Amino acid sequence: MAELAETPVAPHRFAPDMQEPKINLNIDWGQVNLDDIQLPPGEDFGIKSDDEEEEEEILETETGFSNVIVVDNLPVVAPEKYEKLESVIRKIFGQIGVIREKGLWMPVDTETGKSKGYAFIEYTTPQEAETAREQTNGYKLDKSHVFAVNMFDDFDKYMKVPDEWSAPERKPYTPGENLLAWLTDERGRDQFVVRFGPETEVYWNDARQGKPDPVYHRSLWTDSFVQWSPLGTYLATIHRQGAATWGGAQTFNRLMRFIHPQVRFIDFSPSEKFLVTYSSHEPSNPRDTQRVTLNIFDVRSGKILREFKGSADDFATGGTGGVAGVSWPVFRWAGGRDDKYFARIGKNSISVYETETMGLLDKKSIKVDNVLDFSWSPTEPILSLFVPEGGGGNQPARVSLLQIPSREELRQKNLFSVSDCKMYWQSNGDYLAVKVDRYTKTKKSTYTGFELFRTKERDIPIEVLELENKNDKIVAFAWEPKGHRFAIIHGDGPRPDISFYSMKSPNNVGRVTKLTTLKGKQANALYWSPIGRFIVLAGLKAYNGQLEFYNVDELETMATAEHFMATDVDWDPTGRYVATSVTSVHQMENGFNIWSFQGKLIYRLPRDRFFQFLWRPRPPTLLSPEEEAEIARNLKKYSKRYEVEDQESSIILSTQEMESRRKVIDEWKSWVAEWQRLHEEEKPLRQELRDGEPSDEEEDYEAEEVEVEDILNVEEEVVSYGFEQLD
């Protein structure tokens, strides 16, 4: 068992043997008259904390006139048509956001009684006002009236423009921090973030040193959780006022704020161009459903691009509206690196949006009766749809592949007697596995099979895979990343079986083949390495953290281990290390362990009230497949440099370990010498207590046992035997 690594001191903290520096002000306080000191006005005496400054900065965006727009080029109408025009204006602009009470005002000419042709509209938030300006500026009411909409605050800005032009001051360019600098670490280390109690810390994973290397620490950094962006550029935090992104390798400066009060969830687009935020609010009337707000932001500018509002039923996932409820993420992003499309499921439809306009593709949703679920290919704009049986069982269920934007149906498979269906895409989009639960003829039980789509081959052939025991319960399914293999945990007992399959056969016939079955494993979850080949068979929850590190190439177990009560397993993005953690769902054993891909425990770090462990993602490699293959062929040549570094690091660690042991031995000897000195000093006192006997050895004395009896108390009591009744 590996020894516990020494807990590193975070950069912000003083080590136990350090003291905070003291500042000498050189003031003779005896000469100071405290009555003459005048403090600045205000409760804080003009000194604001960072939190107060952030709070005030956010509040400033929600006050003043930032939520007011001015609408020009309205019709000039007589008093008798004033209410009708006001109703039309309220209907147009009320669809975009909530207009405050008495928030619509159209000035009237006092002499003629007619309206002046413009209006002021006050929304509840600046975001609604900005959206209204963007969507209605240039709106054509009729042939003679085209709206000109501006923010009220812009008028003050335009009035301050000087009459004479002067060249702007040229400021020197100051380059910002390189947000990808962490990728250039000389030792090729990866970063991770942990959250425990009120603390959030970022570390380097320094496996050579056998402990994490602290990078950044901050208390109360987030109100609920933190989240890396998909490529690792940003770290997002959640706050009462909205979300924020931070970046860098060491400093983690704030890069942007995204104002969305009471935000609960966030989701980045795959290429980090857009951020979706979600909030829900309880209605004032308990009979009403929750109100939901979703905003889509530009990540770099923080500008809101589109806002969606409605009831929870409007965003329900499922063909019948509110049956399944709202599940996250509401919007799902299309595969690829261009962030071109995103979609959401509605009642009998799939709504696909273009990010260029933030509007519906072809201005209409895709009509699909009773559609229950959909997912995107990870690499292409291809939708897979699942439609359950309809017409009382007369219409079969089906899975369809739909090309976007053409909406062409690439492939369809009808399914019968379907109870449930789940879709699993392989990471490269080469294969789609559809797990189908079917009813038996009696309808009293179900069995499971798989429909396997080869999406990159001509005509998209489909294979059917059934387990040897069709009644086995499917516990877990997982594709090998960037590979052609998949694993299934199946069985009903406490020790299910694990089977491995390949989409390639030895004769390259293009048929799925079984590689092996591992019998009776304590596992209920599968975690493939991001580079494939290796997998962790994990027994979480009821299995108390059983771990098996398995090599699928060699079909052999590399190691077995246990992380008691483990709740999560996470591979680092390079596939070299695995983190297992125990979160606060358990009251004990909170913290995380770091393992090598071969199952060797490298170090562990306990943390009370542990909430999150997240590896920092890496962007895709810039190397071509040919270049990667060349490196693999010449790996020995490249590895020489790292073998030397590993050897040097090992020598350093050995030297440090010897020094540490020598220090412990010296401390022990010093402690023993001190007690021997005290023992000699107290020798006369011990001799006096022994009535002059000089020896400290017990063998020089005879033990004598002496019994001493002491009477503590005497009581007399008259006992009656009942003879008095005989008289």
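How many bridges join strand β1 (residues 68–72) to strand β3 (residues 118–123), and do the two run parallel or antiparallel?

Modeller: Five bridges join β1 to β3, and the two strands run antiparallel. Bear in mind that this is a predicted model, where local features need pLDDT of at least 70, side-chain atom pairs count only at pLDDT 80 or more, and totals for chains, interfaces and linings use all residues. Residues are numbered from 1 along each chain as its sequence is written, and side-chain values use heavy atoms, with hydrogens and water left out.

Zooming out, β1 and β3 belong to an open sheet of four strands, ordered β2-β3-β1-β6 with antiparallel pairing (pairing takes at least two DSSP bridges; strands are DSSP E runs of at least two residues, helices H or I runs of at least four, numbered from the N terminus). At the edges you'll find β2 (99–105) and β6 (148–151), each with a single partner strand, so one side of each has no neighbour in the sheet. On average, neighbouring strands are turned by 20° against each other, direction ignored.

Then come the helices. Helix α2 (residues 82–94) packs on the sheet and touches β1, β2 and β3 (contact is heavy atoms within 4.5 Å). The direction of α2 makes about 130° with that of β2 (axes are lines fitted to C-alpha atoms, for helices over the stretch in contact, with angles from 0 to 180 degrees between N-to-C directions). Helix α3 (residues 126–136) also packs on the sheet, touching β1, β3 and β6, and its direction makes about 155° with that of β6.
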